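Hello,

Here is the structure you will be working with. Please open it alongside this email, and my notes on it follow below.

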Amino acid sequence: MFTLFRRRSLAAYVYGHVLNSHKVHTSTAPLLQETGLYGFNHLKTPKGFRRFVEDAIERSNELVTFISGMPSAPEIIGAMDEISDTVCSVIDSAELCRATHPDREFVEEASEASLRINEYIHHLNTNHCLYMAVVKAEQDSHLLNEEAQRVAHHLRLDLEKAGIHLPSEQLDRANQLNMEIVQLCREFNENIINDPGHMDIFPASHIPKKLHHLARPIYRTTSGAFGGSAWSMTNMKEKGFRLPTDPNTLSSILQWVSDAEIRKTAYIQGNSAPLGNLGVLDKLIAARHEFAQSLQKFDIISNALFWMHMQIMGHSSYADLAVHSSMASSPDVVLSFLLEMSEIVRPRADEEFKTIWNFKRERSGQLYGDLEPWDETYFTAIMKSAAYDLDSSVVASFFPLSQCLEGLKVLAESLFGVTFHHIPLAPGESWHPDVIKVALHHPDEGDLGYLYLDLKSRKNKHPVCAHFAIKGGRRLSETDYQLPIVALVCNFLGSKPASLLNHWEVETLFHEFGHALHSLLSRTDYQHFSGTRVVIDFAETPSNLFQYYAWDFRILKTFARHYSTGDVIPEDLVKSMRGAKDMFSGTELQRQIFYALIDQKLFGEEASSMRDTASLVAELKRQHTSWKHVDGTHWHTRFGHLASYGAGYYSYLYAKCFAATIWQKICEEDPLSLAAGSAIRHKFLQHGGAKDPGDILNDLVGKRILNSRYGGIVPDITSLSHEMELKN
C-alpha cells in the first residue's frame with residue numbers, strides 16, 4: 001500500500017468521500033479559471049504545498065477513523081484506496097515540482113512537502129487498526145470482486161513489509177530506517193547532479209568545435225619568450241576549456257575527441273565523481289540491509305494478536321525484500337537469470353571486443369597496444385560511421401521535435417483509435433512556458449486522460465527523462481471515473497534549427513510515451529493498481545515495447561521529415577541506423593547485465609559483511625564483461641538506479657525479453673494495425689497492476705513468454721536471442 005519498496009506511488013478511494021478538488025470526470029473539461037500547479041488549487045503559491053500536505057493528512061485521518069470502525073470489506077478497501085490517492089497526489093506533485101520547476105522556492109517547498117508526507121506514510125504503515133481492517137477485508141473476500149480481493153491481499157503484504165508486526169521499539173527503529181533510506185536516496189541523486197566532476201583542457205584547440213557549446217572558456221598564464229636584441233620573459237594568457245564530466249558530456253567527449261590522453265582523463269574523472277556517494281552508498285546499503293533484517297524479528301507473545309494473520313517475512317537481505325513480491329520472487333531467481341544471460345551473450349561480446357581492438361590496431365599502427373575503456377565510444381562511432389555512412393547531424397535533420405510529437409499522435413491513433421486534443425492551460429496550472437497539455441480522446445469513450453509534456457532542457461531542470469503519474473485512474477461511482485493525469489518530462493537540448501533530436505532522444509521519447517500510455521489507458525477500479533503501479537519487473541515492459549516503434553521504417557516514414565525540405569526519411573538511412581545499432585548490441589547487452597548484477601550484489605546477501613563497493617564492482621566487471629576495470633574509478637556512484645530501483649534494475653532486462661516476444665508475436669507483421677493496438681490495450685495496458693502480470697503476458701502472446709524457475713518466473717529469452725542472433 002504505502003511502502004516505498006515497490007516502484008509505484010500510493011493511492012486511495014471511497015464512494016462519496018472523494019476530495020472534490022481532485023475529482024476529474026469524463027463529462028467535464030478543464031476550466032480556464034485561475035488554479036494552481038497541475039490543476040490543484042492549493043498550489044497557487046510555493047507555500048501552498050504546506051496546506052496541500054495538511055489537507056491530505058486531515059482527510060486521511062478521517063478515513064483512518066472510518067476504517068477503524070470496521071465497516072464492510074468493500075468500504076475498507078475503498079477507504080484505503082482513497083487514503084492512497086490522497087497522499088499520492090502530494091508525493092507525485094512534489095516530485096514533479098522538484099524535478100522541473102524553475103522557481104527555487106517552489107522546489108524547496110515541494111522537497112519539504114515530500115519529506116513530511118513520507119513521514120506520515122510511515123505512520124500509516126504502522127497503524128495496527130488499518131492492518132486489522134485489511135486482514136478482515138481479505139478474510140471477507142467473498143464480499144469483494146476479483147480486483148478488490150487482489151487489492152486487499154497486496155495491502156496486507158505491503159503493511160507487513162513495513163514492519164507492522166514488530167514490537168514498538170523495533171517498529172520505531174524500522175520507521176527511522178525508512179526515513180533514513182528516503183533521505184539517503186535523495187542525497188545520492190542530488191550529489192550526481194551537483195557534483196558531475198570536470199576537466200580542464202589546454203590548449204583549446206584540442207577540443208573539437210562541435211563540443212564548444214558544452215564547455216566554458218578558461219585561461220591560464222604561461223611564460224613565453226619574446227625576442228628583440230636580447231631574450232626576455234613575458235607572461236602570456238593561454239585559452240583552454242573546462243568541460244563538466246556529467247554522463248552526457250562525457251559521452252560526447254569520448255566520442256569526438258581524437259586525443260587518447262584527453263579521453264583517458266575524461267573517463268577517469270567522469271567515473272570518479274561524485275566522490276561523496278561512496279559514503280552515501282555505504283550508508284544506504286547498511287540502512288536497507290538493517291531494515292530487511294529487522295523484519296525477521298518477531299515476538300510471538302507481544303504480537304499474538306497478529307499471529308493468525310501474519311506471514312513472517314524472514315528476509316535475509318534487502319534484495320530478498322525488494323524482489324519477494326515480484327515475478328522473480330527471489331534474488332536466486334534473478335541471479336540465475338542474469339548469469340544465464342551473461343553466459344549467452346559472452347561469445348558475441350568477446351567477438352565485438354576483438355573487432356574493436358583490431359580496428360584500433362590498424363588505425364593506430366600499434367600492433368601490441370591495449371584496448372582501453374575510453375577507446376570504446378570513440379572507435380565504435382568511427383566504425384559505425386564507416387560501415388553505414390552515417391552522420392548524426394544528417395539523421396537528426398529528420399527529427400524536429402514538433403514532428404516527433406506528430407509521431408506519437410500517429411502511433412496513438414493508429415493503434416488505439418485515439419487522438420490528442422490540445423488543452424489550453426489555465427492560469428497558474430503550468431510551471432514553464434514550454435509546457436503543453438493534451439487530452440487523449442476516444443471518439444466513443446470521450447477523454448481517457450490528460451498529459452503534460454515538458455520536453456526541452458533548461459537551466460536548473462533536473463536532467464531526468466521520466467513519466468510522472470500526477471493522478472491515477474480509479475472508479476468513483478457507477479458512472480464516474482477519475483481520469484489519469486500524467487506528465488512526460490525529458491531534457492532534449494534540441495540542436496538548432498527546429499529543435500532537432502538525435503535518434504537516441506527519439507527512442508527515449510517513445511520509451512517514456514510507453515509509460516504514459518500505460519497510465520492513460522489503464523482502467524482499474526482502484527488507483528492502487530493504476531497504470532505503472534505494477535510489480536517492479538513488469539513496469540518497464542510497455543516502455544521497452546514502444547522503443548521498437550522508434551526504429552521501424554513503417555512508423556518513421558509517417559512523421560520523420562527533413563526540417564527544411566519536408567522530405568520523408570529515406571528507407572536506406574533507417575536501414576543504416578538499424579545496422580549501426582546492431583553492430584555492438586552484444587556489448588551493450590553485456591553492459592546492462594553487468595549493471596543489474598551490481599545492483600543485485602550490492603543489496604544482496606553479502607551486504608552485512610561486504611568489502612568496499614568499488615572492489616565488488618571491479619570484480620564483477622572483470623567476471624562479466626569483456627573490458628578491463630580502471631583502478632581508482634567508481635562508476636556506480638553516479639548510477640541513480642541504485643537509489644530509485646534498489647535491487648530492481650534487472651527489470652529492464654526482463655522487459656527487454658518480454659518486449660521482444662510481444663513485438664515479434666503481436667506487432668512486427670503490422671505494427672500500426674488496430675488489431676495489434678486492441679490486443680495491447682485490452683489484454684495488457686488497461687489492467688495496470690489489477691491482474692497477475694504472468695496472466696497478462698500469457699493472455700497476450702501465449703505460453704512462450706515465461707518460464708518457471710526455483711519458484712519464480714523468468715522471461716523466455718528465445719525471441720531476444722533470435723533478434724540479436726545469439727546462440728541460445
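Five strands make up an open sheet with mixed pairing, in the order S4-S5-S6-S10-S7. Strand S4 (419-422) and strand S7 (466-471) are the edge strands, and each pairs on one side only. From one strand to the next, the twist averages 30 degrees. Please keep in mind that this is a predicted model.

Strands of a sheet pair through backbone hydrogen bonds, and the pairing can be parallel or antiparallel. S7 and strand S10 (residues 485-492) run antiparallel and are joined by five bridges.

Start with Arg59 and Glu82, whose side chains meet in a salt bridge at 3.0 Å, N to O. Arg59 lies in helix H1 (residues 48-68) and Glu82 in helix H2 (residues 73-100), so this pair ties together parts that are 23 residues apart in sequence. Are these two residues buried or exposed? Arg59 has a relative accessible area of 12% and Glu82 has 0%. Buried means under 20%, so Arg59 is buried, and so is Glu82.

Next, look at Glu238 and Arg220, where the salt bridge has an N to O distance of 2.7 Å. This pair links distant parts of the chain, with Glu238 in strand S3 (residues 232-244) and Arg220 in strand S2 (residues 216-226), 18 residues apart. Glu238 counts as partly exposed, at 22% relative accessibility. Arg220 also counts as partly exposed, at 38%.

Arg348 forms a salt bridge with Glu352, and the closest N and O atoms are 2.6 Å apart. Both residues belong to helix H12 (residues 331-364), where they are four residues apart, about one turn of the helix. Both Arg348 and Glu352 are buried.

Finally, which residues are linked in a network of salt bridges? They are Glu95, Arg98, Arg186 and Glu190.

Regards

Notes:
Residues are numbered from 1 along each chain as its sequence is written. This is a predicted model: local features need pLDDT of at least 70, side-chain atom pairs count only at pLDDT 80 or more; totals for chains, interfaces and linings use all residues. Side-chain values use heavy atoms; hydrogens and water are left out. A salt bridge is a side-chain nitrogen of Lys or Arg within 4 Å of a carboxyl oxygen of Asp or Glu. Helices (H or I, at least four residues) and strands (E, at least two) are DSSP runs, numbered from the N terminus. Buried means under 20% relative accessible area, exposed over 50%, partly exposed in between (1.4 Å probe, protein chains only). Two strands pair if DSSP finds at least two bridges between them. Axes are lines fitted to C-alpha atoms, for helices over the stretch in contact, and angles run from 0 to 180 degrees between N-to-C directions.
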